[in-house]
Amino acid sequence: MQASRESKNSTHKQTHYNQPMPQINPYGFSSFQALNNDSTDSKSQGTEVTFQAYNEQFFTLESTPAADYIAYNSPSTISVSSNRSPFSPQGSHSYASDLHPPSDNTCSSPLSGSSEFDDENKLLRALWVLRNELLGPESETDDSGSFNGILAQPSPFTKYNRVLEMAPHMDLNQLLFACAEIVSEVDTVPFSDRQVAVSAAEALMDILEKMVSVSGEPSQRLGAYMLEGLRARLLSSGSIIYKKLKCKEPTGSELMSYMHVLFQICPYYKFAYMSANVVIGEAMENENRIHVIDFQIAQGSQWVSFIQALSRRPGGPPYIRITGIDDSQSAYARNGGLDLVGQRLVQVAESCGVPLEFHGAGMSGCEVQLESLGIRNGEALAVNFPYILHHMPDESVSTTNHRDRLLRLVKSLSPKVVTLVEQESNTNTANFVQRFCETLDFYTAMFESIDAARARDDRQRISAEEHCVAKDIVNILACEGMERVERHEVFGKWRLRLTMAGFTPVQLSSSVSDAVRDMLKEYSSNYRVAEGNGALYLGWKNRALSTSSAWR
């Protein structure tokens, strides 16, 4: 029996990469509520439209229509398809994963309709298929189809040697995935075999080093930082490389300029600021005394347009108080404390005739207590969480669970509205391999969107990616425990957390989507906006990247 398996696999291994590619149609149709940024229609609830997947291959990573698993139908293909976003027509091209493990993804997208049990089966089947493609059908699995990594052979040397033999036939993403699998096993294999795993991973990294470039195509640039994360994890130096990234640490002014580059060429922060401002403005329409608590005040840019809008209110502007919470990294970029933010906002308010008071709370969100917020009676309260809650450790990291603690604290203040904007990604409690796939998937879309805005040899773009994006990628891949601060969750999990804390969702008005759609006219038409699950989604092509929602 074993001899027969060996014979079959030998034939399979020799012919797999030389066989003709099967002719498949990876396209499909699906209807959903969508708001295209190039549309002139401004109906309040969006327009029911039918999207056809693109007729050309836009993505580095592909998926096939009828099989929700990793497909190796060509050497350039690797994907996992599971719980789809509102942008992912069933059967269409998607990014590498849409991979939201069932334990974290508590709601399906408007289109997927998949259950947690289905997602788990899809994930197991996906990785099982990839494993068989790499190693042949003799790889050991249990009755459920689960596995101990793609390299479960009788001998570690035999397992890893086979991958190294196949490496010349793999493309960049296949090599990254294979390397990630080996790195994930280094701490689980018997100590006597550990050096074999390390040597195999280092051999793949040497190959990958020649395939990546910080000034190349989006997949090459992302590959360079994914490789950096794998190397840091292998060397157990994630926290060191996360801080330094083997490059000169930028000065505060340099870091500010890099952040500004990303702010200008990508709409992700403008999406957060604009959607939240519209929601808060509508909630405070009839209030004369307003208190806004911003858990990530940064440079205070979000509130400039908000103050200006209040100055135009019929009957005169209200009194507004802003409490800005900030961490040390933003202070470093500013070359100063929150007093600089306060001075700027007060100057803007004075020029507009808006009475404003600013209170700075220079601390991490984990340190925030009730007394930090300066709550006063008679003020209508709005709380803003822009891309910050995912930095708060949850129950998987610490029994203190600052993520849910903050939500309960805010709920106890009886705010009139709470705005939440987060990346639509699942890197919190997913295991390393799943986290790797999700990171590859998410940042492939982001790097493609950046590529559409700046030339590949643009020095500012390279520096912005290196200092503002790469650090997040390395942190996700190389760090664990309290050191891993990039812990994203999909909107379904955020919705569950907020509901358990006592919040109820606030329906977003048409003004929110209209404002975002108008803003996106300045950017590539590949950015898309859709509504689903009570949130507004911003995506690049068919990959959702951010969600904005409101709560009370």
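**Packing around helices and buried residues in the predicted model**

Apart from residues up to four places away in sequence, tryptophan 494 touches Leu389, His390, Arg403, Leu420, Glu422 and Glu489. The model described here is a predicted one. Tryptophan 494 is part of helix α16, and its relative accessibility of 0% places it under the 20% cut-off, so it counts as buried.

Threonine 547 is found in strand β11, which spans residues 543–551. With a relative accessible area of 3%, threonine 547 is buried. From threonine 547 to phenylalanine 491 the C-alpha to C-alpha distance is 7.0 Å, across a sequence separation of 56 residues.

The chain as a whole contains 17 helices and eleven strands. Of its 552 residues, 59% count as buried. Among contacts in the chain with a separation of 6 or more, 75% are accounted for by residues 24 or more positions apart.

The largest nonpolar core consists of 102 residues, and those with the most contacts inside it are Leu230, Ile322, Leu345, Tyr443 and Ile473. Helix α14 (residues 432–451) provides the largest share of this core, with eleven residues. Another core lies apart from it and has 29 residues, including Val383, Leu407, Leu413 and Leu498. In the 102-residue core, leucine 345 is in contact with Gly300, Trp303, Val304, Ile307, Ile322, Leu356 and Phe358, leaving aside neighbours within four places in sequence.

Helix α13 (residues 402–412) is mostly covered, with eight of its eleven residues buried. These buried residues are His402, Arg403, Asp404, Arg405, Leu406, Leu407, Leu409 and Val410. They pack against β6 (380–386), β7 (417–423) and α16 (491–500).

Most residues other than glycine have a negative phi. Tyrosine 387, by contrast, has a positive phi near 55°, and asparagine 401 has a positive phi near 50°. Tyrosine 387 is placed in the loop between β6 and α13, and asparagine 401 lies in the loop between β6 and α13 as well. Tyrosine 387 is buried, at a relative accessible area of 6%. Asparagine 401 likewise counts as buried, at 9% relative accessibility. Serine 414, which follows α13, has a positive phi near 55°.

Two helix pairs involve α5. Two packed helices are described by the angle between their axes and the distance between the axes. Helix α4 (residues 172–185) packs with helix α5 (residues 191–209) at an angle of about 160°, and their axes are 9 Å apart. Angles over 145 degrees count as roughly antiparallel, and α4 and α5 are therefore roughly antiparallel to each other. Their crossing is left-handed. On the α4 side the contact is made by Leu172, Leu175, Leu176, Ala178, Cys179, Ile182 and Val183, and on the α5 side by Ala197, Ala200, Ala201, Leu204, Met205, Ile207 and Leu208. By class, this contact has 14 nonpolar residues, no polar residues and no charged residues.

The second pair is formed by helix α3 (residues 156–166) and α5, whose axes come within 9 Å and cross at roughly 5°. As angles under 35 degrees count as roughly parallel, α3 and α5 are therefore roughly parallel to each other. Pro156, Phe157, Tyr160, Val163 and Leu164 of α3 make this contact with Asp193, Val196, Ala197, Ala200, Ala203 and Leu204 of α5. The residues of the contact divide into ten nonpolar, no polar and one charged. Ala197, Ala200 and Leu204 of α5 take part in the contact with α3, and these residues also take part in the contact with α4.

Technical notes
Residues are numbered from 1 along each chain as its sequence is written. This is a predicted model: local features need pLDDT of at least 70, side-chain atom pairs count only at pLDDT 80 or more; totals for chains, interfaces and linings use all residues. Side-chain values use heavy atoms; hydrogens and water are left out. A nonpolar core is a set of buried Ala, Val, Leu, Ile, Met, Phe, Trp, Tyr and Cys residues joined through side-chain atoms within 4.5 Å. Buried means under 20% relative accessible area, exposed over 50%, partly exposed in between (1.4 Å probe, protein chains only). Helices (H or I, at least four residues) and strands (E, at least two) are DSSP runs, numbered from the N terminus. Contact means heavy atoms within 4.5 Å. Axes are lines fitted to C-alpha atoms, for helices over the stretch in contact, and angles run from 0 to 180 degrees between N-to-C directions. Angles under 35 degrees count as roughly parallel, over 145 as roughly antiparallel, 65 to 115 as roughly perpendicular and the rest as oblique. A crossing is left-handed if the near helix is turned anticlockwise from the far one by less than a right angle, and right-handed if clockwise. Ala, Val, Leu, Ile, Met, Phe, Trp, Tyr, Cys and Pro count as nonpolar, Asp, Glu, Lys and Arg as charged, and the others, Gly among them, as polar.
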